[in-house]
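These are my notebook entries on one structure. I set down what I looked up, in the order in which I looked.

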2 protein chains.
Amino acid sequence: MTLQPPEVRRLSFNQATAERASLGEVVESCARHGISNVGIWRHKLAETGVAAAVKLVRDAGINVSSVCRGGMFPASTDVARRERIDDNFRAIDDAAALGAEVLVLVCGAAPDRDISGARAMVRDGIAAIASHAAERGVKLGIEPLHPAFAAERSCITTLREARLLAERFDPRVVGVVVDVYHVWWDPERTDEIQWLGDRIVGYHVNDWLVPARDVLMGRGMMGDGVIDLRGIRAEIERASYRGPIEVEIFNEQIWAMPTDDIVRLTKERFTACA
Amino acid sequence: MTLQPPEVRRLSFNQATAERASLGEVVESCARHGISNVGIWRHKLAETGVAAAVKLVRDAGINVSSVCRGGMFPASTDVARRERIDDNFRAIDDAAALGAEVLVLVCGAAPDRDISGARAMVRDGIAAIASHAAERGVKLGIEPLHPAFAAERSCITTLREARLLAERFDPRVVGVVVDVYHVWWDPERTDEIQWLGDRIVGYHVNDWLVPARDVLMGRGMMGDGVIDLRGIRAEIERASYRGPIEVEIFNEQIWAMPTDDIVRLTKERFTACA
């Protein structure tokens, strides 16, 4: 059975794909191109202000599929860890104000050579914020990051690890965000996506470019790389995920394009390749 | 119990750490510094010639701990796959001539968007060369590579995948090479190293630098990065591995140093950090 292209109504434009644009510019361009979901980053939200952002998306009739990011739990002192927790409370409040379905958790790296210790801090961190998220009606989406980011962004690297972590918590509150860039290589990907089932609270698409050298800024537009996007989407659909499909691409060349061109290209490639 | 520094007699200097030097220069410098093992790369072997290389290491009383690399099995046509197999036969013969304990297998990437297909070609490839390796008395060491290399060098990325693949074959012929750079982040690393036990046929040390951007050329000298080297060596020792510990570092800044300085620094850091 050939998988059909995804419906455009499921496309969510994550504003990190047009990092140079303001939230207002992104929302305006998405509305013009019939894109009904956006993903919002907190550093961009800080530029716009939460109240103004809420008005922007409401006036445009745009749904906020996710807010990035919470997490970053590990730190070397109790005080610093407490500050991270407090920041996560604010992130949950921001997500709730925007009506976002999910706060994406980039869990944080090890503060020293102790990755097991960092993982314990992540577990404790999620435990400390889960009830606040439940009260605000925001789901926490643990995003396993590519192992190349283990030392700087996330000690949680595989779908299995993210699933086992999520399973410690109420499935109505804590789930997993699957981003193809981070998990395409995983030999257990197909099984893990199936086992995740309705723990999947977000699905992100982009591509892995070859040759890969700069893993942070080398993400590609769908179709420009080596990821079997249709194959992974088939797995995601079999797991019954029916939510937004978010396009999040960190790439200087794409960032240099006019916002409207980025949004147009994203929509084209979403239909052709995702 | 504090782990003691490794004995210098276990140090193997992989010549890729001094890529600009000839094999002769590396062997001479190692002999001068009391290093009794080297790892040899085939492109450098081709420069020197196999017979001359054999004489070089014998005259210096140096043991060849490994030859890099066999593998690279996946290809898009039958003819190309057959050529890869033939090249692996030659690599096994080279390793046997040098008295090397192990031929390291960098298994190869997917020729297209089908990573499962590539993995099947790797299984078939190892099956096609295992009896030749057994006849020549050379062990095949499957080296799982960091997932950042999945699209270009190895579709075999995790210790678990490498172990399950090795377990299809005779343990006297096919084992696994553990390189800290490739596996330090793996949440199942500790268990997998234990389960590997005497399937471990090589242990490579270096370090993961922060910030990491260039994953190919950004490897660091032991002590310069974030890997818990003593912790991983404790796991390796618990798995009863007592063989050479090889230092393999791809790093332009290190390559720019005089060969003798690289060898001296390698020995110092090996004792201080490995």
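**Entry 1: helices on strands.** I began with helix α1 (residues 23-32) of chain B, which lies across β1 (11-14) and β2 (37-41) of chain B and runs at about 170° to β2(B). Helices (H or I, at least four residues) and strands (E, at least two) are DSSP runs, numbered from the N terminus. Contact requires that the C-beta atoms of two residues, placed from the backbone, lie within 7 Å. For the angles, axes are lines fitted to C-alpha atoms, for helices over the stretch in contact, and the values run from 0 to 180 degrees between N-to-C directions.

I noted that the model is predicted: local features need pLDDT of at least 70 and side-chain atom pairs pLDDT 80 or more, whereas totals for chains, interfaces and linings use all residues. Residues are numbered from 1 along each chain as its sequence is written, while chains are lettered from A and ligands numbered from 1 in the order in which they are written.

**Entry 2: around β3(B).** I then turned to helix α4 (residues 78-97) of chain B, which lies across β3 (63-71) and β4 (102-106) of that chain, at about 180° to β3(B). I recorded that β3(B), α4(B) and β4(B) make a right-handed β-α-β unit; with the strands pointing away from the viewer, the path from the first strand over the helix to the second runs clockwise.

Is β3(B) mostly covered or mostly open? I found eight of its nine residues buried, that is, with 20 or more other C-beta atoms within 10 Å of their own, all placed from the backbone. Five bridges join β3(B) to β2(B), in parallel, and Gly39(B) stands opposite Ser66(B) there. Five bridges also join β3(B) to β4(B), again in parallel, with Val67(B) partnered by Leu103(B).

Entry 3: I followed the pairing (at least two DSSP bridges between two strands) and found a closed barrel of eight strands, β1-β2-β3-β4-β5-β6-β7-β10 of chain B, paired in parallel. Its neighbouring strands are turned by 30° against each other on average, direction ignored.

**Entry 4: the two chains.** How many residues of chain A are in contact with chain B? I noted 26 residues of chain A against 26 of chain B. A rotation of 180° with 0.0 Å of shift along its axis superposes chain A on chain B (RMSD 0.0 Å), by least squares on C-alpha atoms of residues with pLDDT of at least 70 in both copies. That is the relation of a two-fold axis. In chain A, the C-alpha nearest the axis is that of Asp214(A), 2.6 Å from it.

Definitions and conventions
A residue is buried if 20 or more other C-beta atoms lie within 10 Å of its own, exposed if 12 or fewer, and partly exposed in between; C-beta atoms are placed from the backbone.
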